Amino acid sequence: MTDIKSICVFCGSSEGNDIQVEQQAKELGAYLANHDITLVYGAAKIGVMGQVAQASLDHKGKVIGVIPEFLKLKEVVHLGLTELITNENMHQRKMTMQEISDGFITLPGGFGTLEELFEIITWSQLGLHQKPIGLLNVNGFYDDLLKMLEHMVRRGFLKMENYELLIVDTTVEGLVSKMKAYKPQDVPKWLKGDRT
């Protein structure tokens, strides 16, 4: 079993138009708090990001926000977090998130959310970390993305063992349970974290 004390959540700074996304975001935040798992996320109080964070805080959870300085001027930063970490740029933000998290969960979002997901799974593929990466497929939101990944496997651009790095479920409890059962793959010894 993988010991998970903190989970980084990637998700949209917009709310979207699906009430089920809002419900599962709040359910995830509450679940993390109720299971003493620290939430690490992008520090905003708006959109799906804000819903996850506020639900965790409402259930007495620990929430760490990570944000680059320039976004503080553009995004609405949540001022009620347990801890707020400010970085110089987006890359440092993602490095910090990776370093202080034991696993990752992606909720619905846009380009930024997908970029975070694919960078963290690429780092895993390269052996830069061995942490579980979960995709919460709320109301079929990621069905087409998963079909595309399967297509990449069939066409020879994605190895099945790398496709399987992505842990998928439609429920919060089911996903976290799978992540705790995750067993890291063997990776080349020459790959080290300073290669990112």
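Me: Where is Asp 36 in this predicted model?
Reply: Asp 36 sits in the loop between H1 and strand S2 (38-41).

Me: Why is Asp 36 called exposed?
Reply: The relative accessible area of Asp 36 is 69%. Exposed means over 50%, so Asp 36 is exposed.

Me: What is the phi of Asp 36?
Reply: Phi of Asp 36 is near 55 degrees, a positive value in a residue other than glycine.

Me: Where is Lys 60, and what is its phi?
Reply: Lys 60 is in the loop between H2 and strand S3 (63-68). Its phi is positive, about 65 degrees, although Lys 60 is not a glycine.

Me: How do you know whether Lys 60 is buried or exposed?
Reply: Lys 60 has 76% relative accessibility. The cut-off for exposed is over 50%, so Lys 60 counts as exposed.

Me: Why is Leu 126 called partly exposed?
Reply: Leu 126 has a relative accessible area of 39%. Buried would need under 20% and exposed over 50%, so Leu 126 falls in between and is partly exposed. Leu 126 belongs to the loop between H5 and strand S6 (133-136). Its C-alpha atom is 23 Å from that of Cys 11, and the two residues are 115 residues apart along the chain.

Me: What makes Glu 22 and Lys 26 a salt bridge?
Reply: Their closest N and O atoms are 2.8 Å apart. The rule asks for a side-chain nitrogen of Lys or Arg within 4 Å of a carboxyl oxygen of Asp or Glu, so the pair qualifies. Glu 22 and Lys 26 are four residues apart in helix H1, which means a separation of about one helical turn. Glu 22, at 24% relative accessibility, is partly exposed, and Lys 26, at 39%, is partly exposed.

Me: How do you know that Glu 115 and Lys 94 form a salt bridge?
Reply: The N to O distance is 2.4 Å, and the limit is within 4 Å, so the pair counts as a salt bridge. Glu 115 is in helix H5 (residues 111-125) and Lys 94 in helix H4 (residues 90-100), 21 residues apart.

Me: What makes Lys 94, Glu 115 and Glu 119 a network?
Reply: Salt bridges link the three residues. Glu 119 and Lys 94 also meet in a salt bridge, at 2.5 Å from N to O. Glu 119 lies in helix H5 and Lys 94 in helix H4, so this pair ties together parts that are 25 residues apart in sequence. The count of salt bridges comes to five.

Me: How do H1 and H2 pack?
Reply: Helix H1 (residues 19-34) and helix H2 (residues 47-58) pack at an angle of about 35 degrees, and their axes are 7 Å apart. The crossing of H1 past H2 is right-handed. Among the residues that meet are Ala 25 and Gly 29 in H1, and Val 52 and Ala 55 in H2. By class, the contact has seven nonpolar, three polar and two charged residues.

Me: Which residues have the most contacts inside the largest nonpolar core?
Reply: They are Ile 7, Val 9, Leu 32, Leu 39, Ile 105, Leu 107 and Leu 166, in a core of 58 residues. Leaving aside neighbours within four places in sequence, Ile 7 is in contact with residues including Leu 32, Leu 39, Ile 105 and Met 179.

Notes
Residues are numbered from 1 along each chain as its sequence is written. This is a predicted model: local features need pLDDT of at least 70, side-chain atom pairs count only at pLDDT 80 or more; totals for chains, interfaces and linings use all residues. Side-chain values use heavy atoms; hydrogens and water are left out. Axes are lines fitted to C-alpha atoms, for helices over the stretch in contact, and angles run from 0 to 180 degrees between N-to-C directions. Helices (H or I, at least four residues) and strands (E, at least two) are DSSP runs, numbered from the N terminus. A crossing is left-handed if the near helix is turned anticlockwise from the far one by less than a right angle, and right-handed if clockwise. Contact means heavy atoms within 4.5 Å. Ala, Val, Leu, Ile, Met, Phe, Trp, Tyr, Cys and Pro count as nonpolar, Asp, Glu, Lys and Arg as charged, and the others, Gly among them, as polar. Buried means under 20% relative accessible area, exposed over 50%, partly exposed in between (1.4 Å probe, protein chains only). A nonpolar core is a set of buried Ala, Val, Leu, Ile, Met, Phe, Trp, Tyr and Cys residues joined through side-chain atoms within 4.5 Å.
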